[in-house]
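Q: Please take me through some features of this structure, starting with the ligand and going on to helix packing.

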Amino acid sequence: MARFSTRAILAATRSPAVDQVPSAVPIYQSAAFSTADAAELGDVLTGARPGYAYSRIDNPTTAALGAAVAELESAEAGLAFATGMAAIHAAIISTVRAGQTIVATQALYGTTRDLLVRILSGLGIETEFVDPTDVAVVEAALVRSGAPVLYVETISNPTIIVADLAALAEAAHRHGAMLLVDNTFASPYACRPIERGADLVMHSATKYLSGHADVLAGVVVGSRERVDALRPILVDAGGALAPLAAFLVLRGLPTLAIRMERHSQTAMELAPWLAGQQGVARVHYPGLATDPSHEVAARQLDVFGGMLAFELAGGREAGRAFLDAMLVAERTASLGAVRTITTHPPSTTHRQLDEEALRAAGIAPGLLRCSVGLEDVEDLREDFERSLAAARAATP
Ligand SMILES: Cc1ncc(COP(=O)(O)O)c(C=O)c1O
C-alpha cells in the first residue's frame with residue numbers, strides 16, 4: 001500500500017467518472033491532462049489525434065468558449081485568449097509580416113493603436129490610418145501600401161462611428177487584403193461581421209460577452225483555416241485563457257440577447273434626451289436618425305447597442321466635473337457591463353494621444369463615452385442631469 005503523501009496525491013487527483021451531461025460547462029482547472037500511454041501523449045501533442053495535453057495548448061473549457069462564440073458569430077471556428085488585446089495581437093500577427101503595412105481606421109481603441117504604433121512598428125510593420133467612413137480613401141491606401149490587412153472596429157471606440165463592413169470587405173478583397181474586425185462594441189447580437197465578408201473577428205470578451213465586469217478574456221473567430229493559423233501564436237506566445245475565466249464568459253453568453261436589448265433600449269431613450277440638454281454640444285449614437293452613422297447602422301446592426309458618446313461644450317474641465325458628480329454611473333475605463341460606465345477618453349483610454357492626434361481621431365476635448373448599463377433609465381437620467389449641472393457650474 002502506498003504511503004500517506006502518495007495516497008493523498010492519487011486520492012485528490014482522481015477525476016470523477018460522469019455519465020450524465022452537466023448543465024454548465026465544467027471548469028477544467030487543470031494545467032495538464034495525462035494519457036493512457038506515451039504514444040497517445042505524442043499523438044495528442046503533435047495533433048495526430050484530438051485531445052488535451054497541456055492547457056496552454058488547449059483546454060476543454062476554453063475550447064468550449066471559442067466554439068460557442070464562433071457559433072454566435074456565424075464562424076467556423078474560434079479560439080479564446082487571455083485578453084482582448086492578446087486576441088487582437090494574435091489575429092494581426094497571423095496575417096502580416098515584417099516589411100508590410102497595415103491599413104487601419106483612425107477611430108480605434110487606444111491600446112490597439114499602441115500595439116500598431118509602439119510594438120508592431122518596431123518589428124517592421126507600419127500602419128497607415130484612414131477615415132473608416134470614406135471607402136475611396138481606404139481603397140486608395142490599400143492600393144498605395146499593398147497592405148495584406150484592413151483593420152476596423154464595427155463600432156469605433158470612443159467615437160461610435162459604424163463602419164460599413166460589407167463595403168470595406170469588398171474593397172479589401174478587391175485588393176487582396178483580409179478584413180479584420182473588432183466586434184467588441186456591437187457584440188454578435190447586434191452584428192456578425194463574418195456575414196458581411198470579414199475574415200477574422202476579434203472580441204474583448206471582457207465586455208459584453210461576459211457582461212459582468214468580473215473577468216478578462218478575448219476571442220478570435222473565422223474560417224477553420226484562418227483560426228488554425230492562430231494556434232501556433234497562442235501556443236508559442238502563451239496568451240492562453242484560464243479555464244475559470246472561460247467559464248465566466250460562457251456564463252454570460254445565454255443572457256447576451258436580453259442584456260443587449262435592454263442596453264440598446266435605454267441608450268435609445270437617453271441619446272435624444274441628452275441631445276436636448278443645455279451644455280451638450282453633440283451626441284454620437286447610431287440610433288439617432290441625425291447621426292452620420294445611422295444609415296449604415298440601420299442596415300448593419302440588429303440593435304443600435306449600448307455605447308454612446310457626447311461632447312460637452314465646456315471641454316476638458318466640463319468632462320472632469322461631469323465624471324466627478326456621477327453617483328449611479330461608474331468612473332472607470334471598461335464597458336459592456338451591467339453597471340453604466342462613463343469615461344473621459346482624452347484623459348483615460350486615449351491619454352497617449354496629443355491634441356492633434358485626438359483631433360485626427362475625431363475625439364473632442366469634452367467627449368465623454370458612456371456604456372449604458374442595465375439600471376432603471378430614470379435613475380440614469382437623474383444621474384446625468386446632476387452631472388450636467390455640475391459640468392455647467394464648472395465652466396461658466
Ligand atoms: C474595442 C476594444 N477592443 C479591445 C479591447 C481590449 O480588451 P482587453 O482589455 O480585454 O484586452 C478593448 C478594451 O477596452 C476595447 O474597448
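A: A polar side-chain atom of Ser 204 is 2.8 Å from an oxygen atom of the ligand. The model is predicted: local features need pLDDT of at least 70 and side-chain atom pairs pLDDT 80 or more, while totals for chains, interfaces and linings use all residues. Residues are numbered from 1 along each chain as its sequence is written, and side-chain values use heavy atoms, with hydrogens and water left out.

Q: Which residues come nearest to the ligand?
A: A residue counts as near if one of its heavy atoms lies within 4 Å of the molecule. There are 14 residues around the ligand, and Met 85, Asp 182, Ser 204, Thr 206 and Lys 207 come nearest.

Q: How is helix packing read, and how do H4 and H5 cross?
A: Two packed helices are described by the angle between their axes and the distance between the axes. Helices are DSSP runs (H or I, at least four residues), numbered from the N terminus. Axes are lines fitted to C-alpha atoms over the stretch in contact, with angles from 0 to 180 degrees between N-to-C directions. The axes of H4 (residues 84-93) and H5 (residues 110-120) come within 11 Å and cross at roughly 50 degrees. H4 is therefore oblique to H5; angles under 35 degrees count as roughly parallel, over 145 as roughly antiparallel, 65 to 115 as roughly perpendicular and the rest as oblique.

Q: Which residues of H4 and H5 meet?
A: Contact means heavy atoms within 4.5 Å. Met 85, Ile 88, His 89, Ile 92 and Ile 93 of H4 meet Thr 111, Thr 112, Leu 115, Leu 116 and Leu 120 of H5. This contact has seven nonpolar, three polar and no charged residues (Ala, Val, Leu, Ile, Met, Phe, Trp, Tyr, Cys and Pro count as nonpolar, Asp, Glu, Lys and Arg as charged, the others, Gly among them, as polar).

Q: At roughly what angle do H6 and H7 cross?
A: The axes of H6 (residues 135-145) and H7 (residues 165-174) come within 10 Å and cross at roughly 20 degrees, so H6 and H7 are roughly parallel to each other. Val 135, Val 138, Glu 139 and Leu 142 of H6 make the contact with Ala 167, Leu 168, Ala 171, Ala 172 and Arg 174 of H7.

Terms used: Helices (H or I, at least four residues) and strands (E, at least two) are DSSP runs, numbered from the N terminus. A polar contact is a pair of N or O atoms within 3.5 Å; within protein, one must be able to donate a hydrogen and the other to accept it, and residues adjacent in sequence count only if both atoms are side-chain atoms.
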